[in-house]
Amino acid sequence: MLETPRKNLSQQLSERIREYIEQAELPDGELFMTEAEVADQFDVSRAVAHEAVGRLRAIGLLEGRQRIGLIVRRPDPVELFSESLPFLAKSEQDVSELSRLRYVLEVGAIELAVKNANQDQIAQLMNLADQMKTTDTDEPEINRGKELDITFHSLLLEMTGSTIIAGMQRVLVDFFRNIAIPAPLDRTSSERIAWEHIELATAIHDRDVERARALIRLQLRHYLPEVNSE
């Protein structure tokens, strides 16, 4: 009966500590205080302070150092997402939501990719698409085609210039790597996939945002649960 109020207090305290760090503009690596000092500063019990600090350590905002105390850290959202992903995909509905996230992430990022891509990146993209034309339909070549596709889409997200966007995509790609797309990969399918990638690379080369957006939607349509249920 006493556990719930204490948890509520620790949650409230963790929010107060976050506000304190933000308002004081404490930089990454700054010494904060010890757990005992947190309890004294915010007038709470040691148990509440310990739980509140534990919450903030879990999200990477605080780091404990022996014989020193607590250090302020800048949380890495990609690392947090990566570590949380196994617990976010416990059901078919969870996987469907992650599929939608990947779709929205890549479709939403294509405008930045078109705008920020440099010539070397575009040349790499064209080369990857060209290699996809030579993949066959036997198992080794299918696996090679998957790796080319992963590399192609990873490069697309790097073109945005955002490490968070690129990092989130890599986490999702690793998650979906072994999830089969429910469509037969015959010669016609293989040629169509290669054509889609070549056309997308060409659209980016031409700085054609609308065509690039239409093509990325076409490529990612199989990751939408609505498409797979048809």
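Contact here means heavy atoms within 4.5 Å. Keep in mind that this is a predicted model.

**Whole chain.** Show the cartoon. The protein has 11 helices and 2 strands. Follow the sequence and the order reads α-α-α-β-β-α-α-α-α-α-α-α-α. Switch to a surface next. Of the 230 residues, 37% count as buried. Now turn to contacts with a separation of 6 or more: 66% of them join residues 24 or more positions apart.

Select residues 62-65, strand β1, and residues 69-72, strand β2. The two strands pair in the antiparallel sense over 4 bridges. Pick Gly64 and look across to β2: Leu70 is the bridge partner. Then move to the link between the strands, where 3 residues sit. Which residue there takes a positive phi? Select Arg67: its phi is near 65°.

**Into a helix.** Select residues 139-158 to bring up helix α7. Within α7, stop at Ser154. Is Ser154 buried or exposed? Ser154 counts as buried because its relative accessibility is 13%, and the cut-off for buried is under 20%.

Last, show what lies around Ser154. Leave out residues up to four places away in sequence, and Ser154 touches Gln169 and Arg170. Display both side chains together with Ser154 to inspect these contacts.

Key:
Residues numbered from 1 in each chain as written. Predicted model: local features only at pLDDT ≥ 70, side-chain atom pairs only at ≥ 80, totals over all residues. Heavy atoms only, no water. Buried < 20%, exposed > 50% of the residue type's maximum accessible area, 1.4 Å probe, protein only. Pairing = 2+ DSSP bridges.
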